[in-house]
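Please read it alongside the sequence and the coordinates.

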Amino acid sequence: MNQLPPTLLLLTLLGYATGVVASLFCLRAEKAANVLACGLAALAAFSGVVASVIGLLTGAATAHESVQILPELIPYLRFSIRLDPLGLFFTLLVSLVGLAIAVYSLGYNRQFFGRKNLGVFGAFFNSVLLATTLVFLADNAFFFLIAWEIMALSAYFLVSFEHEKEESRNAGVLFFVMSHIGTGCLILGFLLLFQTSGGYGFEGFHAIGATMAAGPRNAAFLLFLVGFGVKAGIVPLHIWLPVAHPAAPSNVSALMSGILIKTGIYGLTRVCFDFMGPPPNWWGVTILTIGTISAVLGVLYALMEHDLKRLLAYHSIENIGIILMGLGAALMFLHTGHPVLASLALIAGLYHTINHAVFKALLFLGAGAVVHATHTRNMEEMGGLVKRMPRTAFCFLVGAVAISALPPLNGFVSEWLTYQSLLQGFGTTPSLIRLMFPLGGAMLALTGALAAACFVKAYGITFLAQPRSEHAACAHEAGGPEVAGQFLLTAVCVFLGLFPTQFLRLLDPVTSQLAGSALSAQLGLANGFVLAGATATGGTVSTLGLALMAVCLLPVPLALWWVFARGTTVRRGPTWDCGLQGLTPRMEYTATGFSKPIRMIFKALFRPRREVQREYDFSPYFATNLRFESHVEEVFLTRIYRPLNWLVWRVSRRMRALQAGSLQAYLIYIFVTLLLLLIFAL
Amino acid sequence: MHPAPTSEIPAQLIALFAALMLVAQLLLAVQRMLLTSIRLFAIQSLFLAGIAAVVAYSHNAFHVYVVVALTLIGKVAFLPWLLDRQVRRMKIIQEIEPLVNFPTSMLICGGLTLLGYLVARPFTSLERLGNNTLAVAITLVLTGFFLMINRRKAITQVLALLTVENGVMLAAVALTTYGMPLVVELGIFFDVLVAVMILGILVYRIRETFASMDTSKLSQLKG
């Protein structure tokens, strides 16, 4: 028995806990607090990475051992953690991304010196990492819920860290409310499971679905879907994401978008595969449908955004959708009895989970550096930053390529795996439901194309051309730790893209635990050089080969130039400006202009509205003043949440009559209830 | 066949004391003078202590004597003294008109007593001591509650709460042969003690702020 992973994991937990306490002790000394909090978090996260990699590789994780970390105080509540493959995989994710964010925060937090209390920030930062790790490792439903709540509350305090801004406060409240609706559903779901198992330990929940009656089982599934879906940000429960992510400091946004929303994915995977499998068909269909809708709508709304961080937040919704497509397909394959395809789809989903965590954290860290340098989140006021912040621009570009699913980076690998599982799914069942697979594939293709368009916009408007504002013109490159944090994640992106077959070995224990087969040997051909689609009909691709090919082709244009154009002369002149007085930033292509074609195509969804006011003196052709306004309607907010909100207000206003404020009235309520109960009992 | 006198006399004593507690409660329901109300409560507590003493004597249960001592010190002496001092300090002698006038409240209390007896009937076989102590206990709780609703002065509401507590104690003594475990009884006792002291301070504050002890004025605090 390998004792290293459990020991290292306990060290990780201890490290985060020490980080919480140490930061609170340094409330007055902000520099010390910053160094202590970020340093301890980084060390703990590093130990977590090592522990989970070793655990997954050596198979120590398959031992399913339960480690009790605190004595048992209350019946049913055991503070125990279990090192099972799924939990370890997500621990790897939180530790890896947490490490990069901790390094980045070391520099990023300097902007708060003298302005905000960094001791408090450090404490919540560490506690959110600690709680998230515990969520992934918890072995008891009560313990899981406690960790879940600590995570949500710490995140709430981090979102509203800059509480002097009204935007942050409102975002925090929205996050808090949505999060608690989710937690309520989770509690009910666990109670349903408890009815059958008679305990709250996760080992008692394992494969409980077979013994549950259909009614409670489906009810539990729906409750868990809503509960975890809120955290993951599925449409239509996503509304808190584009509000909370931008309002938080950027390292917190990266933490939330990279790690926190993955707890929803973890929960769904745990519940659907481990607890309540084998699933009925409609579970998989539901998850696949929700995933498809989230993916398409997420990217469409992202395209309409000019706020860099809101744009990234909408992309989180899109990517959660892609992950859920993989998970939904896996559930459908499990139902029809295709364990290999189920494993493939599960791998696709989980691979995309870690990919999204890495590149989205990377993009948010880059956005944080940009926002800090330009003092605005509006892309229309940026521009030209590639010359002023070259390192950040490079990292952001890598992240953008990765999230657009372009080869040879990691986003491509996981989306390719998703395609493989969807396209091969068509032959698995004769029923009409198989049309879901090609339809999902088509929607995924649409999503990929739109995402690429969106990141052309995001990168082009933000980093290229001339600066569009004073602030953008005098922007400076971010400091050392910030750049280091970004480069770390960039390297991970490249590794996950170029060496997928190496990484897939880590997923072997997870898929054999949840779907029944380990696929890394089948997926890697030619010594891991080529990635294959698991079955005979699947395709093959080699990102490493593509990258090598690109490197080999690089000299070709140089050679062509050397052969044909060696002797020609080069003349440099200004860009043609139509005879005006030189080019100004006002002539540049704007983000709004760039996304107009798509806005027009999807008019039915966006319901764009624009107002133009023109003032002129003598001729309408020579306007002296022009005002232009353009809006896009957020359908879910205006059509679902606002009516709901209004309804709740109305009902509560009626209920307020009960709250008379008089002591006697309250006493009468209690007394009458007591009397009625007594008479009822006679 | 006569039952043994040793078990007959305690049972009758307990029934007598319980009935006297009920009488004190009914008197309290129609009492306007604050000082008299406090004294009535003290007398009621004295009967409670009597019941506990009988139980302790007839069962040779030492820890019930502790309950007797605590009741005597706390409810018969200390709390009445505390409330008495408060009333004298605030120079308020009379309760103002209650929400429901006295004849009607007497009727309501009668109805509640009936309900108490009805509710207690299925449990009478459990009782070892006295016939109707549980019924009296439930009636005390119900009428105490009604008193709390009916009165406006914070002091009388405190008194009503204390009679509810007396009812709970009586039920504890009556239902279980040896009373509840000592720890529970101590807990309840100190709970009530602390609650009354806090209420006393609050009453004083309410008067300072609103120049009155009328709790219905607290509704001004509502937003």
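The model is predicted: local features need pLDDT of at least 70, side-chain atom pairs count only at pLDDT 80 or more, and totals for chains, interfaces and linings use all residues. Residues are numbered from 1 along each chain as its sequence is written, while chains are lettered from A and ligands numbered from 1 in the order in which they are written.

**Confidence and domains**

Chain A has a mean pLDDT of 88, and 98% of its residues reach 70 or more; pLDDT is the predictor's confidence in each residue, from 0 to 100. Among the elements of chain A, the lowest mean pLDDT, 74, belongs to strand 1 (residues 66-68), and the highest, 94, to helix 16 (residues 390-403). Helices (H or I, at least four residues) and strands (E, at least two) are DSSP runs, numbered from the N terminus.

Chain A is assigned domain 1 (162-546), domain 2 (602-631) and domain 3 (635-681). Such bounds come from an automatic or database domain assignment. Taken over C-alpha atoms, the centres of domain 1 and domain 3 of chain A are separated by 40 Å.

**Strands of chain A**

Strand 6 (residues 609-616) and strand 7 (residues 623-631) of chain A run antiparallel and are joined by 8 bridges. Two strands pair if DSSP finds at least two bridges between them. Strand 6 and strand 7 of chain A form a hairpin, with 6 residues between them. Within this pair, A:Gln613 has A:Arg627 of strand 7 as its bridge partner, and A:Arg614 stands opposite A:Leu626 of strand 7.

A residue is buried if 20 or more other C-beta atoms lie within 10 Å of its own, exposed if 12 or fewer, and partly exposed in between; the C-beta atoms are placed from the backbone.

Chain A also has an open sheet of 3 strands in the order 3-4-5, with antiparallel pairing. Strand 3 (524-525) and strand 5 (540-541) of chain A are the edge strands, each pairing on one side only. Strand 3 of chain A pairs with strand 4 (residues 530-532) of chain A over 2 bridges, in the antiparallel sense. The bridge partner of A:Leu525 in strand 4 is A:Val530.

**Helices of chain B**

Chain B contains 7 helices and 0 strands. Of the 223 residues in chain B, 40% are buried.

How do helix 2 (residues 34-59) and helix 3 (residues 62-90) of chain B pack, and at what angle? The angle is about 175°, and the axes of the two helices are 8 Å apart. That makes helix 2 of chain B roughly antiparallel to helix 3 of chain B. Axes are lines fitted to C-alpha atoms, for helices over the stretch in contact, and angles run from 0 to 180 degrees between N-to-C directions. Angles under 35 degrees count as roughly parallel, over 145 as roughly antiparallel, 65 to 115 as roughly perpendicular and the rest as oblique. The residues of the contact between helix 2 and helix 3 of chain B divide into 21 nonpolar, 2 polar and 3 charged. Here Ala, Val, Leu, Ile, Met, Phe, Trp, Tyr, Cys and Pro count as nonpolar, Asp, Glu, Lys and Arg as charged, and the others, Gly among them, as polar.

**Backbone geometry in loops**

Most residues other than glycine have a negative phi, and most peptide bonds are trans.

| Cis peptide bond | Omega |
|---|---|
| A:Val235 to A:Pro236 | about 5° |
| A:Pro407 to A:Pro408 | near 5° |

A:Pro236 lies in the loop between helix 8 (214-232) and helix 9 (241-247) of chain A. A:Pro408 is in the loop between helix 16 and helix 17 (410-425) of chain A.

A:His375 has a positive phi, near 60°. Its loop runs between helix 14 (339-374) and helix 15 (385-388) of chain A. A:His375 counts as exposed, with 12 C-beta neighbours inside 10 Å. The phi of A:Cys578 is likewise positive, near 60°. A:Cys578 is placed in the loop between helix 24 (555-564) and helix 25 (591-601) of chain A, and is exposed, with 6 other C-beta atoms within 10 Å.

**Two buried residues**

A:Leu40, in helix 2 (residues 30-58) of chain A, is buried because 24 other C-beta atoms lie within 10 Å. B:Ser105, in helix 4 (residues 102-120) of chain B, is buried, with 20 other C-beta atoms within 10 Å.
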